[in-house]
Each structure stands twice: as structure tokens, then as C-alpha cells.
Number of protein chains: 2
Amino acid sequence: MSPYVQRFVMHIGEMGSKWGLNRTLGQMCGLLYVTPRPMNAEEMAETLNISRSNVSMGLKELKAWRLVQPASVPGDRREYWTTSKDVWEIFRVLAEERRRREIDPTLSMLRDTLLADPTSEEDRYAQDRLQEMHDLIELLNNWVDDMSGLPSKTLVRMLKLGRKVGRLLGPRRTKTESHETTLN
Amino acid sequence: MSPYVQRFVMHIGEMGSKWGLNRTLGQMCGLLYVTPRPMNAEEMAETLNISRSNVSMGLKELKAWRLVQPASVPGDRREYWTTSKDVWEIFRVLAEERRRREIDPTLSMLRDTLLADPTSEEDRYAQDRLQEMHDLIELLNNWVDDMSGLPSKTLVRMLKLGRKVGRLLGPRRTKTESHETTLN
DNA sequence: GTCTAATTTCAGGAATTCTTGAAAAGTCTG
DNA sequence: CAGACTTTTCAAGAATTCCTGAAATTAGAC
């Protein structure tokens, strides 16, 4: 592994641990992402200096995340693995999985809690806050649904367009306004 | 703390640990979010069943995240704390901080790596992948910049609008297409 | 079926992160 | 500036997460 690739892979590992995966999973993904050909488990273990069994567990998790796909190399019995080379696709899958694992359960919890009759003034207040959080999540969910239904190219166009629409639709927050909101 | 509020706070704690904070930080934020009045450190410690010093360290971190604001209660020497009750504002601050802590360093790393001359075919391939990742991040960054400059209400309008624009701008990916992309 | 190579599992150890109590430092009041 | 109260710091223990080697399982070739 060239020093540059190595730096990238190590960095992505650190990021992985902040993005719901862990360091090793991040490294494995990063490595597969920048490697033009599929790799087998032993190659990965050697390249990343981790044990073969660690790779095995990592692959198991990455399969569950839908971040790696099996590939067969003719004349070789071992299993080979790749990841999508479309970074938008990777981003999309990551978003979908995190939603399934983290957002959806949170929505359920919020809905359950909102069904209960508030028994005190404080409960009523709390429920209002929960309702607002629920509405935000649901709005984002719907938006992501629509966006992720689009092919990557359209999505890019949307985002670039979004910038312009944003400027037209409403005034920017002023520094003061932003500050007041923060302190409120 | 009523059982419902408790369930919410515990759940947000778990979420916190997946969102760059940790369990305790998440619980503290959640508690402040649903509590109509500012709280002091000791109240928080008692309510959450954690030590006073843990709250102190938590507050220190939450200050660094810009997620809590001090509030003074007349006639009481102790410091009181609140968090914004605008869930969009909280979301925005979280996004801004994570960008500063995670995304920006990643962009630097990518830029550095892209400056190097590739010495092999594999390096050239890797650099192409890095360039694509760089472009994606930069596009998202610009988009977030524009969005986060807008007041919450305009942002909500944008997102609701985005759904419709998305439907017009391009065809949805078909199941098959989506599948193929995933397996590619 | 048997033999071999590849993969997976898992219990224990390693490493990291979190929490705590005690002590230090800070702050307000009179 | 003394004394009471509050907050912060920090080192050590607790808890959690991660990684490994050995053993078990699976899969393929003959």
C-alpha cells in the first residue's frame, strides 16, 4: 500500500468510528474503495495488519451494512470482495442503513410517547418538544426518501439547484438573528 | 422525571452515542430539551443518576459543542443551564460542529493526498476515487452552507419543496436499476 | 466419502472509553 | 480575606468495545 493510500485508509478508519461503523470496518471499506480489483480476506488482513479473524468479523458486519459485495475470481477458491466505486451509492447505503438502525426506532419511541396522556404541566411541555422533534425527523425522512429515489446525477443537479433556490426563497439569517436563536 | 420523559431521555442517550456525543451527553441534552426551565448541575446529576463530576465534565463538552447555554436564576448562586428549544437549531448546531470536527479534516486529508503525483497505476486509480469523494463532500458542504444560512421556516419550506422538485427533475431509479447499482 | 483449504465462531485478553470520589481551584458574601 | 459554597480537575477503577488465536465448521476437489 502506497503511503498516500495508507494515509487515506487510516483516516477513513477514524471517520468510520464516528459514522456508526468502527475503525476496522472503516479501514476495510476505505481499502476496498480505492483498490481497483476485488480482494480476499487474507490480503485485507495483511494490508491492514489485523488478524484474519478480525477481517472475517468485519466482512460479516459490512455485509449486514450492505457495504461489500462478493466477487469471484476464476481459478481461485477463496472469496473476493468489493465495494461500490460510486461514492454517492456508498453514501446512500450508509444513510439508508443508519436510518433503519437509528432513526426508525427513535420515531417509534417518539410516537409511543406522544400517545400517552400528559399528567402534568411538565409532561405537556415535554410532549410538545417531542412532537417538534418527531415532525423534524419525519420531514427529513420524507425528503431523504425522495432524494434517494433519484439517480446520482439527478441528485447532484438537485443539490446544486438547491443552493440557488435557497437564496431566492428567503432572506439569509443575519449574524444577530442567528446568535439570538442560539441563545434562546 | 415521569416515566415517559425518562424513556425519551434514555433513548436520546443511546442515540447520542451514535451521533458523536456519548450516552451521558445525549441524556443531558435530552433532559434539558424537554425541561421547561433551566437546570443546575446537581439537579441533572440526581435526575440522571450520575455523579456530580460527570455532569461537570459533560457540561464542559456540551459547551464545546455549543449545545448548552448558561442561564442565571435570581437569588441562586449556582449556575443554571438550558438548551435551545428549537429542534432545528439543535440539529443545525450538531451538523455544524460535526462538520468542523470530522468533515473539514477529511477534506484537508483528501486535498493533500490529491496533490501528490501518482507513482503507479493503482495510485492513479486511488486518486480518482479520492477526487470523487472530495467532490461529493464539497458539494454537500456548499449545500449545507446555503441551507444553514436560512431561517428554520424557510428551511422547512425548502425541504418540502425539494420533494416536489425531485419528482419533476428526473425519473425515479427503478428497483432493478437500484439493485444493479448496489451490486456494481 | 476423505482430504484440504478457506471461513466462521467464540472465549479470553487488550485497548479504549466512561465514571467516580477526592482534592484543588474558583467565586461570592459579608 | 475568611468562610461557605460551587465548580473543575484528575487519577484510578469500572465498563464497554475491540481484537486475537485456537477450535469448529463449511465448502470444494478428487
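Author: We start at DNA strand C. There are 18 residues around DNA strand C, and Arg52(A), Glu79(A), Thr24(B), Ser51(B) and Ser53(B) come nearest. Sugar and phosphate make up 58% of the atoms of DNA strand C that come within 4 Å of the protein. This is a predicted model: local features need pLDDT of at least 70, side-chain atom pairs count only at pLDDT 80 or more, and totals for chains, interfaces and linings use all residues. Residues are numbered from 1 along each chain as its sequence is written, chains are lettered from A and ligands numbered from 1 in the order in which they are written, and side-chain values use heavy atoms, with hydrogens and water left out.

Reader: What makes a residue count as near a strand?

Author: One of its heavy atoms must lie within 4 Å of the molecule or strand. By that rule, 18 residues surround DNA strand D, with Thr24(A), Ser51(A), Ser53(A), Arg52(B) and Glu79(B) the closest. For DNA strand D, sugar and phosphate account for 60% of the atoms within 4 Å of the protein.

Reader: How do you know that Thr24(B) makes a polar contact with a phosphate oxygen of DNA strand C?

Author: A polar contact is a pair of N or O atoms within 3.5 Å; within protein, one must be able to donate a hydrogen and the other to accept it, and residues adjacent in sequence count only if both atoms are side-chain atoms. A side-chain N or O atom of Thr24(B) is 2.8 Å from a phosphate oxygen of DNA strand C. So the pair meets the cut-off. Ser51(B) uses a backbone N or O atom, 2.8 Å from a phosphate oxygen of DNA strand C.

Reader: Which polar contacts reach DNA strand D?

Author: Among them is Ser53(A), with a side-chain N or O atom 2.8 Å from a base oxygen. Asn54(A) has a polar side-chain atom 3.2 Å from a phosphate oxygen. In Arg77(B), a side-chain N or O atom is 2.9 Å from a base oxygen.

Reader: Which helices supply the surface near DNA strand C?

Author: Helices (H or I, at least four residues) and strands (E, at least two) are DSSP runs, numbered from the N terminus. α4 (52-64) of chain A, with α2 (23-34) and α4 (52-64) of chain B, each supply at least two residues. The largest share, six residues, comes from α4(A). Near DNA strand D, α4(B) gives the most, with six residues.

Reader: What makes a residue of the surface near DNA strand C nonpolar, polar or charged?

Author: Ala, Val, Leu, Ile, Met, Phe, Trp, Tyr, Cys and Pro count as nonpolar, Asp, Glu, Lys and Arg as charged, and the others, Gly among them, as polar. That surface has three nonpolar, seven polar and eight charged residues.

Reader: Why are β1 and β2 of chain A said to stand at the edges?

Author: Three strands of chain A form an open sheet in the order β1-β3-β2, with antiparallel pairing. β1 (39-40) and β2 (69-71) each have a single partner strand, so one side of each is left without a neighbour in the sheet.

Reader: How do you know that β2(A) and β3(A) pair?

Author: Two strands pair if DSSP finds at least two bridges between them. β2(A) and β3 (residues 80-82) of chain A have three bridges, in the antiparallel sense. Gln69(A) has Thr82(A) in β3(A) as its bridge partner.

Reader: Why is the relation between the chains called a two-fold axis?

Author: Copies are superposed by least squares on the C-alpha atoms of residues with pLDDT of at least 70 in both. Chain B can be laid on chain A with an RMSD of 0.0 Å, by a turn of 180 degrees and a shift of 0.0 Å along the axis. That is the relation of a two-fold axis.

Reader: What confidence does chain A have?

Author: pLDDT is the predictor's confidence in each residue, from 0 to 100. Chain A averages 89, and 89% of the residues score at least 70.
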